[in-house]
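Student: I would like to learn how to read a protein model. Please take me through one, feature by feature.

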Amino acid sequence: MPRALAGLGPLGPRGPEDGPPALVLPGFLADDRTTMELRRGLARGGWRTYPWELGTNKGARADTLEQLGRRLEVVHDLRKVLLVGWSLGGLFARELARTHPDKVRAVVTLGSPFSGDVRTNTNVRGLYEWVAGHKVEEPPFPRITDKPPVPTLAIWSRRDGIVAPAAARGTPEETDRSVEIDASHMAFAVSRPVLERVVDEIARFLKDFEKA
C-alpha cells in the first residue's frame with residue numbers, strides 16, 4: 001500500500017477478535033491515522049490492536065496518564081495488555097505501566113527517547129517545547145528512567161535521525177532487552193518490512209521472557 005494511503009480505513013480495533021490485546025500509542029504530533037500501519041502489522045501477527053483515541057499527541061499533559069489509564073481499562077479484557085509506544089508514545093507507555101502494572105503484559109518502545117539527557121536526546125526539543133508549552137526537563141508528571149515493573153523491550157536504530165540511538169536503546173537498568181533494527185524514525189510506524197521485524201522481535205521477546 002502506498003505510504004500516502006497507509007492511514008486510510010476504519011480506526012477501530014484490528015486483528016483477530018480473540019487475539020491478545022495490544023494498545024498502540026503514537027509519537028509526538030502523530031495520531032491514530034499515523035499508527036494505522038503499525039497496528040495493521042501487529043494485527044497480521046495475531047494481535048488484537050487498539051488505537052489510543054486521544055487525538056494528536058501534542059506532548060505530555062497533566063491528565064495524560066489519567067486518560068491513558070481509562071483507555072487501558074477499556075482495552076483490558078481480563079488479559080494483560082501489550083503497550084506499544086512509538087517515539088514519545090513509548091515514554092507514555094513506560095509511565096502507564098508503572099501506574100497499572102497489573103493490567104500490562106509488557107512495554108515495547110520504538111525509537112523512544114527514554115534514556116539520557118532529555119535536553120539533548122532528540123533533535124526536536126525546540127518544537128516540542130513550543131507545542132507542549134513546557135520545557136522538556138519540566139514535564140507535568142515525574143520522569144522516571146528506571147525500568148517499569150513489567151517486561152520491557154526497547155527497539156532502536158542507529159540511523160533513526162530524530163532520536164539519539166543511545167536514548168532509545170537504554171541501559172540494562174532501564175530495560176530488559178534492547179534490539180537494533182535498521183530503520184528511520186518514521187519507518188517504525190509505516191514500513192511494512194520494518195514492522196514485520198518488529199512483530200517478530202516482540203514474539204521472540206515474550207516467548208523468552210515468559211518462559212523464564
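Student: How many helices and strands does the protein chain have?

Tutor: Elements come from DSSP runs: helices are H or I with at least four residues, strands are E with at least two, and numbering starts at the N terminus. Here the protein chain has seven helices and six strands. Their order from the N terminus is β-α-β-α-β-α-β-α-β-α-β-α-α.

Student: What should I know about the model itself?

Tutor: It is predicted; local features need pLDDT of at least 70, side-chain atom pairs count only at pLDDT 80 or more, and totals for chains, interfaces and linings use all residues. Residues are numbered from 1 along each chain as its sequence is written, and side-chain values use heavy atoms, with hydrogens and water left out.

Student: What share of the residues is buried?

Tutor: Buried means under 20% relative accessible area, exposed over 50%, and partly exposed in between, with a 1.4 Å probe and protein chains only. In this chain, buried residues make up 52% of the 212.

Student: Which residues of helix α4 are buried?

Tutor: In α4, residues 125–132, they are Tyr-128, Glu-129 and Ala-132. The arc to read is that of the directions from the helix axis to the C-beta atoms. These residues cover an arc of only 95 degrees around the axis, which puts them on the same side of α4. On the other side, Gly-126 and Trp-130 are exposed.

Student: What covers the buried residues of α4?

Tutor: Look for contacts, meaning heavy atoms within 4.5 Å. The cover includes α3 (88–99). Just after α4, Gly-133 takes a positive phi of about 85 degrees.

Student: Where is Ser-191, and is it buried or exposed?

Tutor: Ser-191 sits in the loop between α6 (187–190) and α7 (192–211). Ser-191 is buried, with a relative accessible area of 15%. Now compare sequence and space. Ser-191 and Glu-37 are 154 residues apart along the chain, yet their C-alpha atoms are separated by 7.7 Å.
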